[in-house]
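Biologist: I am new to this one. Could you show me how to read a few of its features, beginning with a pair of helices?

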Amino acid sequence: MSNAFMNNNHYCVILAGGIGMRLWPSSRQNKPKQFIDILGNGETLLQSTYKRVAKLVSHENILVTTNEQYIQLVRNQLPDVAESNLLLEPMRRNTLPSATWATVEIMHRNRNAKVLVVPADQILEREEGFDRDVQRAFDYIETHNKIISLGITPLAPETNYGYVQMGERQDEQIFKVKTFVEKPDMEWAKVLQESGEFLWNTGIFIWSAQTFIGYVHDRWMQFDDMISKVKADELDHETKRQIVEDVFAICPNLTIEHVCLENNDVTDVMLAHFGWSDIGTWHAIYQKMPKDDDGNAVLAQNALLYECKECLVKAENGKLIVVQGLNDYLVVDDANTLVICRKDDEKAIRKFVNDIKVSMGDEFV
């Protein structure tokens, strides 16, 4: 879609401030997963996300929120994003404060703004379906004072995703949010999938700026200064920056889901029609990669596998990797670190990172 035909009231916020430690050692504190070509397809996750939303929203209406330490990475990877559209979080406070700040900035520019909020670390397939669903959501909130969450029919029981229960039908493919379940255990995930009433939470939201800010303002007084002062024309950059820092310092560490899905009187969920994956774990990476006859997925220029099954092998800089006799293992060689562990043991990765921080400092994380 040409920029000339895009709706000037439509905006997008890309959330790009996460650490992504579950994909260590490829994802590091100084260069998290959204800034790397994790699938080896020539684009970082951030670049793929920007390209996807730039088909729907004019580039001058795309804002990126990220942590201060990643500003140069964003500048290098998204040179088309104006400096005024880069919002640098002074500290990590999860997605709600970031989304609120970005929406306040957008509402200051355009009180009629409708906002698409997307994480920077997802893989989408059938992007024409994504385009249609987002446009349908934009159309819906033109006449409904609601926040829209995009949900996907679960393909399997999954313990790393949240689940949104569909309530009363509101419109074609749009339902009231009945309940929200965050990362169930495997038995509960099977029940949720088999019920046919639950959708995977994608973390993608569409809202009217006024609706969202009014909803947050009514429930979280910690955001009062950000909402009432940041948008004032007479404030200089440093004063605004100090207000944002002060607000972030007292903000609860909350996700958008906690406010919009768990307290669900203002949120509807849309049954979306595109392939979706949250690239948050090595298991998710493995699922998205092509595999050989033994189920092995290899992201390495030079690798030889003998008597291995359902392994994921990843190596940088052309290093030769030879692996024998492993089943369902992860082998990742990245910079100064080599990791060999069970592929689907997410808790182990967290333990490795925490132990390394304690015993060796930040050099390896």
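Biologist: How are α3 and α6 oriented to each other?

Modeller: This is a predicted model. To name an orientation, take the angle between the two axes: under 35 degrees is roughly parallel, over 145 roughly antiparallel, 65 to 115 roughly perpendicular, and the rest is oblique. Here the axes of α3 (residues 95–109) and α6 (residues 209–219) cross at roughly 130° and come within 10 Å, so the two helices are oblique to each other. The crossing of α3 past α6 is left-handed.

Biologist: Which residues make the contact?

Modeller: From α3 come L96, A99, T100, T103, V104 and M107, while α6 brings A209, Q210, F212, I213 and V216. Sorted by class, the contact has eight nonpolar residues, three polar ones and no charged ones.

Biologist: Now a single residue, please. Is V313 buried or exposed?

Modeller: Buried means under 20% relative accessible area. V313 has 1% relative accessibility, so V313 counts as buried. This residue lies in strand β14 (residues 312–315).

Biologist: Beyond its neighbours within four places in sequence, what is V313 in contact with?

Modeller: Its partners there are A297, V298, L299, A300, L305, I321, V323 and V331. V313 and Y329 are 16 residues apart in sequence, with their C-alpha atoms 8.3 Å apart in space.

Biologist: And how does the whole chain look?

Modeller: The chain has eleven helices and 17 strands. A compact globule of 365 residues would have a radius of gyration near 21 Å, and the chain agrees, with 21 Å. Of the 365 residues, 54% are buried.

Methods
Residues numbered from 1 in each chain as written. Predicted model: local features only at pLDDT ≥ 70, side-chain atom pairs only at ≥ 80, totals over all residues. Heavy atoms only, no water. Axes fitted to C-alpha atoms, helices over the stretch in contact; angles between N-to-C directions. Helix = DSSP H or I, 4+ residues; strand = E, 2+ residues; numbered from the N terminus. Left-handed = near helix turned anticlockwise from the far one by under 90°. Contact = heavy atoms within 4.5 Å. Nonpolar A, V, L, I, M, F, W, Y, C, P; charged D, E, K, R; others polar. Buried < 20%, exposed > 50% of the residue type's maximum accessible area, 1.4 Å probe, protein only. Rg over C-alpha atoms; globule rule 2.2 N^0.38 Å.
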